[in-house]
Every structure is written in C-alpha cells, then in structure tokens.
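Please keep the model in view while reading.

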Amino acid sequence: MQLHTIWFIIIVLFWIGFFVLEGFDFGVGALHMFVGRSETERRVAINTIGPWWDGNEVWLIVAGAAMFAAFPGWYATMFSALYLALVLVLAALLFRGVSFEYRGKGEGARWRGGWSWALTIGSALIPLLIGVALGDLLTGLPINAQHNFTGNFFDLLTGYGLMTGVTLLVLCLLHGATFLALRTTGELRDHAHAFARVIGLIAILVNVAWVIWTLVVIGGGTVPEPTQIFGVIAVIFATVLASTDNDGWAFASSGFAIAAAIGQIFISLYPNVMISSTNHAYNLTVNNSASGHYALFVMTLVAVIFMPLVLLYQGWSFHVFRRRVIGATADVQQAPSTSAPGPDAGTEATAPT
Amino acid sequence: MTNDLARWQFATTSVYHFLFVPVTIGLAFLVAILQTAWYRTDNPDYKRMTRFFGTLLLINVAVGVVTGLVQEFEFGMNWSTYSRYVGGVFGAPLAMEGLAAFFLESTFLGLWLFGWNRLPKLVHLGTIWAVSIGTMLSALFILVANSWMQHPVGYKLNKAGQPVLSNVWALFVNPTFVWGYAHVILASLITGCLVMLAVSAWYLRKQQHVESFYRTAKVALIVLIPTIVIQLSVGNQLGVVETHYQPMKIAAAEAQWNSCKPCSFSLLQVGGGANDKTPSQILEIPHLLSVLATGTWNGPVTGLNQLQAQYQAKYGPGNYVPDVFIQYWSIRVMAYLATLVLLLALWGGWLLYRGKLRSARVFLWLSVWAVITPFLMNTAGWLLTESGRQPWIVQGLQKTVNANSPSVSATDIWISLIALVLVYIVLGAADAVLMLRYSRHGLAEADAEAAEPSAAPGAPAPALTY
C-alpha cells in the first residue's frame, strides 16, 4: 500500500476518533440544560465529560494538522474554501471551550446561564457545520484547475452537505444522551434515557434518509454498502437499548453509528479527497495533493511511535474516571462551607436555579 | 488589501494567543514544583498553593488552547498559497505537535484536575509534570516550524520549485530553532515567575495568608533569578545567530543603515521610521553593537543599504528592508524591560537572603506592577522576529505578498477579523475578570476544594470540579 493511501486512512481514523469521542461531548454540551433540570443536575451533566473533553478535542487538531502535513493541497483548498463556515466553527469552539472553565467560576445565575447557552449553541453548531463541510467534500464544490475554490459562502450550503450536517448533529445528540445515561444515576439518568429514546427515533429516520441520499450522490447503484447497513442497525440498537439497563451497549452502539457515518463519507470519497463540481478533472486526489514520500515516511514513523502511547494514556484516563458522577447535594446540606467545590455551589445545590 | 488584512489578522490572533501561552508554560512548571514540594514535605501550605495557582493555570489554559486552534486553521484559511507551497515541510512539525504534545498536555490536565483524592499521590504528581512536559514539547514543535520560516533547512526544491522535506533532523538542529526555543522557554518561565510573584506580593502587602504566599514568592524568585540571568545571554546569542542568517532583521533592529566596523549601540534615537534614514542618535555606546551582533569587539555589521543592494542582486527588484521602527523599538522594549526585571529579581533575592521579604513594601508594590512587563516583552519579541522577516514569509523562498488565499476576498477577511476580535475581547474580559476575582478570593475556594472528602472505592464520584 502506498504511503499516501496509508495517510488517507490515518486521517480518516483521526476524524472518526474525533467524532466518536468529542461527539458525546457535543451531545452532552447541547443537552445539558434540557436533561439537567436543576443547577446541580446541569453541573453533574457537565462534569460527566469534565476530565476528557479537552483531550477529545485534540483529535480535531490532529486531524487538521495531519491533513496539512500529509496533504497540503487538500488542507489549503478545503480550509480556504470553507472560510466563513470555519469562522463560525472557530467562534463556536472558542466560546464552548472556555465555557467549561468559566461557567462555574463566576458569580450569579446570569453569568452561569450565559456560559450554559454558549456551551449549548457551540456544542450543536460544531458537528452541524463540520458535517456540512464533510458532505461538501463528497458532493463537490466549485474548484478550478489551480485547485482554488471559485464560489461563495452560499455555494457551501449544498443540500447533501446540510443533510450530512443534520445527520451528524442528531447522531452526536444521541451519543451524548447514551453517554449521560451511562455516567449518571437517578433522575438525571432517567431523563437521559427518555432523551435517548426520542432522539434515537429521529436519528433512525435521518440516518436512513442520509444513507439513501449518499447512494444518489456517489451514483453507486441501489445497493447500500456494509458500513451503511451496520450504521443504521447501530442507531436502531442504541435506541432500543436506551429503554433498558444496558447503558454501556447503548453507548457503544451510538459510537459505532457515528464511526460508520464518518467512515462512509471518506470511503465514498477515496481516492478523491475533494470533488470539483466545475470539472471532475480538477478533483483533488490522494495523489495530486500529497506531500513528498520522505515527509510521509517520517510522519508514519512518528504516528507509529506516538499513537499507541496516546491510546494507552487516553484509555487509562477513561478507566480512572469510569465511575458514575453524582451531585454533592447531600454533603452540601450537611456542611455548606467545606464540602462544596466553591462558595457558589452551596447555594446552588440547596436552592436550585 | 486582502494580503494586508490577512497579515493584520495573523498578527492580532498570534499576539493574543501568545499572551496566554507563556503563562501556561511557566505556571504549569511552577505548579509542578509546588506540588513536588508538597509531596516531599507534606506541608499543607504547598498543597493549598498548588491548588490555588493550579486554578489560575486552568483559566489560562482554556484560552490558550482555543486560540491555538484559530492559529492552526488560519494557515489554511488565509494563507492557502503558502500552505500548499510549504505544507510538505512545515506541516510535519505541526502534526508532530498534535501527536506528541497536545494529547499529552490535555489528557493529563484532565487527569490532574479531576484526579485529586482519586489517584495515588505520586501518580497525581506525575500527571502535573506530564502537563508541564506537554506544554514545553508543544512549544518545541511550533518553534521548529517557525524557525524553518526564519531559516529554511532540511529541504530540496522539486521540479515544480516546491520545497520538499529531505532531512527532518536538520529542522531540529537548526541554530535559529535551538536558540529560539531556549529563548521562548526561558521567557515563559520568567512570565510564570512574575505572575506568581505578583499575586504573592499582593497578598503579602495585605498581610493575608502570609506564610503560604511567602513560600510562593520565594519559589518564584528562586526560579526567576537564574532564569533571567541566563535569558540575557541566550537572547544575545540568538541575536548573533540571526545576524548570521537574517542580517536584515538585526540591521533593522539597530536602525543601522550603513555598514560599520566597529559598531556603536544606539540606546535611544529620535526618528528612524520607514523612510527616515537619518535618525538623530541621543545616546550611543561604542563597540556594544559589534559585541552583541557578532560576539567580537570590532565585528562588522552590514548596513541596511548594503544588504538591500545584495538582496536586489540576488532576488530581483523590490524592497527587502523590514519596518525599521518596529524592529528598533521592539528589541529595546525587550532589552530594557529585561534589565529592570533582572534588577527587581536581584533585589528580591537580597531581601530573601536578609529575611526581609515579608515587610518590603516598596519591593512588593513594584512586584505587583511588574506583572505587566513579561507580556510587553513577549509581544515585542514576536514583533521583532516576525516583522523582521518581512517581506518574506519563508526567508528567501516565498514572499508574504504572494502567500495569501486567492479564493478569499477582503470582505471575507473583514468579517472574520471583526468576528475574531469581538470574540477575543469577550474572552479576554471574562478571563481578566476571573483571574482578578480568583486571585483575590480564590484561596477560600481552593481550601474548600481541598477539603472534599475522598470517595470510597467503588462509590459514585461526588466531586463536581466544573
């Protein structure tokens, strides 16, 4: 196998890693205000992803950087074409990223409410917009012979792109709900189950529609690929399991559904990396956008050394914090001044907003 | 116009990003030191200080991480011609940064933050050291990339005239990188020390939590004194390296329009803007520029006019002189402020030695205000090195004016520039509010957090960190 094909696969794995891991962060972020009815429940919801969201987000950074290093042409065309959409993604990432730290450290319901909205909107917007972007790669954008984008912002809003964005958003919401059910107890867990069931039904419909649309776009006939079939089955599994006590399996199913969706986009794309709707001769491919052989070889060595290490310590981190998260309400009522994480929390827990 | 806007955007976002990065690198190291002290002595003062400064660190990391994402996206968004041209070389260290540094830093930060009372003490101490190593590795890879723009090495030009990586090791032993990296790490430690010293001095002046903050003031000063001394000589050596590889940069920094031998160092001049080739010298020190730029008493420095003629002969017509005003003043802001910080550090060391630090009111007052200086120096340093490379984006290979994205219009960049500036103002304001609030009231919160009961094994986790 040629090195640029290996790097295409590695980049796909980075994108899958990003969406499977940060996917439940997005879901939890977007749902935390609705699943959590009280301030304590909201804080519990946010804390379920507390130790990990930052590390999960690195998968996006690495996916982008790997595209830059291995396929500079792809990175250059894609990032400059998606310009205004990426500005929105960045704004959402910025607000969302600091909201975790800032929300609990300021004073007052307005401060917390504001950052909660930042977290909610940011978490929903990012998978939606990145989904649009990934859909656009496959359905095609106006790109000229020099591999420069020739359209404007509205050319990015392709029907298939939007459908892909909605699909990924719904899958992330489902993934977040199954994750919350896995990581919480009591009422909060019941809410999460209820959300997972409803979102699951929507996800089944959306996913089936998207699979059909994907078949139309790639023009590969009427037979769905295995990833598509398994993807749909996984969404159904997650929805059904959300009514039972099998939180772990429900979460695994929603994660698999996301992995299948992302994998499917790139499988359909290969060996192209960006389709030109102007002329298929202008398509960007793994061949015409890749770095030199030596650079790819060096990068492969680096990936072979560091990826197992990353998986090892991220896995350890998931293992360390595997227990369910509960609120500190009971402790707070006994001794408000010592056991709450901050002076604010004492009032929050006893008098929920 | 488009090109200028893209430059403004990159300058704004990188300067902003680098307000937070050195605090992160510096504080992560110092917090690791404090926690090590706690681990070794079991003194609860060190534990509460670890938690207190750890939270200041976290508030900063949040902004540093997300503004770093903007930088990574910006190469492709605004500088697609550049990215397409050099990605085969420049992209590699960026990808290595993600794989080797970002994962390490962010995963272990989560483990550290949520690992109190849950991980064994020694393992928990290991996590903060992993964070510190991660921050320093991240700076390493990004400076490898930046140094390649200052002094490209380890590549060959292919048939299309495009640089292709041919020797990755050369990127890591690039003299511009080696000295530049040392310079940035030391600058970050100085920044961290001055932040810690300022907060400690503020409490010492108010006579609150004196024993705890005396310890942190001591740690800050003990790290600061050798660091600033070494920094002065490393900065100087970096100047010598740059004189060799980027003579324009240093000649402009000294506003040296004509070649000289030996060369005097101008302490202060009036005028000297882009078109003013005859600034009035107010104060000059003979031989000092020769020593600084070449390391010898009578070393020659080639003037801007002579360099311009050389460059035109080599690269064709064009203006190869960077903005002399920015160069001249940014190097002086760094050098003069660094001297003041050195004096402050030595004074603090003397007070520490005499056991008078707790009550030295003037020193403590100055230490609080000295927190501004590292941010000015860090910004000046990047202006010096980046503006001094102009008109090149990659020295000798590609000009900045040819590097931006052809598909991105001025309107696009206006929108993103305004959007990012607004977002940055909101984030900066929130960060400042939190830093100040936490610096003043945070100790009670840190104490409360430290008092959390540790969870029984197997029981659900009660801690709500966020």
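**A guided reading of the model**

Chain A contains 13 helices and two strands, where helices (H or I, at least four residues) and strands (E, at least two) are DSSP runs numbered from the N terminus. This is a predicted model, in which local features need pLDDT of at least 70 and side-chain atom pairs count only at pLDDT 80 or more, while totals for chains, interfaces and linings use all residues. Residues are numbered from 1 along each chain as its sequence is written, and chains are lettered from A and ligands numbered from 1 in the order in which they are written.

The C-alpha atoms of chain A occupy a box of roughly 70 × 40 × 40 Å along the principal axes. A residue is buried if 20 or more other C-beta atoms, placed from the backbone, lie within 10 Å of its own, exposed if 12 or fewer, and partly exposed in between.

Chain A also touches chain B: the contact takes 78 residues from chain A and 70 residues from chain B. Two residues are in contact if their C-beta atoms, placed from the backbone, lie within 7 Å. On the side of chain B that touches chain A, α3(B) gives the most, with 25 residues. The residues of that side divide into 46 nonpolar, 16 polar and eight charged. Here Ala, Val, Leu, Ile, Met, Phe, Trp, Tyr, Cys and Pro count as nonpolar, Asp, Glu, Lys and Arg as charged, and the others, Gly among them, as polar.

Within chain B, helix α3 (residues 80–115) packs with helix α2 (residues 44–78), their axes coming within 10 Å and crossing at roughly 160 degrees. Axes are lines fitted to C-alpha atoms, for helices over the stretch in contact, and angles run from 0 to 180 degrees between N-to-C directions. α2(B) and α3(B) are therefore roughly antiparallel to each other; angles under 35 degrees count as roughly parallel, over 145 as roughly antiparallel, 65 to 115 as roughly perpendicular and the rest as oblique. The residues that meet include B:Leu58 and B:Phe75 in α2(B), and B:Leu94 and B:Leu109 in α3(B).

A second pair in chain B is helix α6 (residues 175–205) and helix α12 (residues 361–369), whose axes come within 8 Å and cross at roughly 140 degrees. That angle makes α6(B) oblique to α12(B). Among the residues that meet are B:Trp202 in α6(B) and B:Trp365 in α12(B). The residues of this contact divide into eight nonpolar, one polar and two charged.

Finally, some backbone details deserve attention. The peptide bond from A:Tyr270 to A:Pro271 is cis, with omega near 5 degrees, and A:Pro271 lies in the loop between α10 (247–269) and β1 (272–274) of chain A. In chain B, the bond from B:Gln390 to B:Pro391 is cis, with omega near 10 degrees. The loop between α6 and α7 (210–245) of chain B holds B:Gln207, a residue other than glycine with a positive phi near 60 degrees. B:Gln207 is exposed, with 9 other C-beta atoms within 10 Å. B:His209 likewise is not a glycine, yet has a positive phi of about 45 degrees; B:His209 is partly exposed, with 18 other C-beta atoms within 10 Å.
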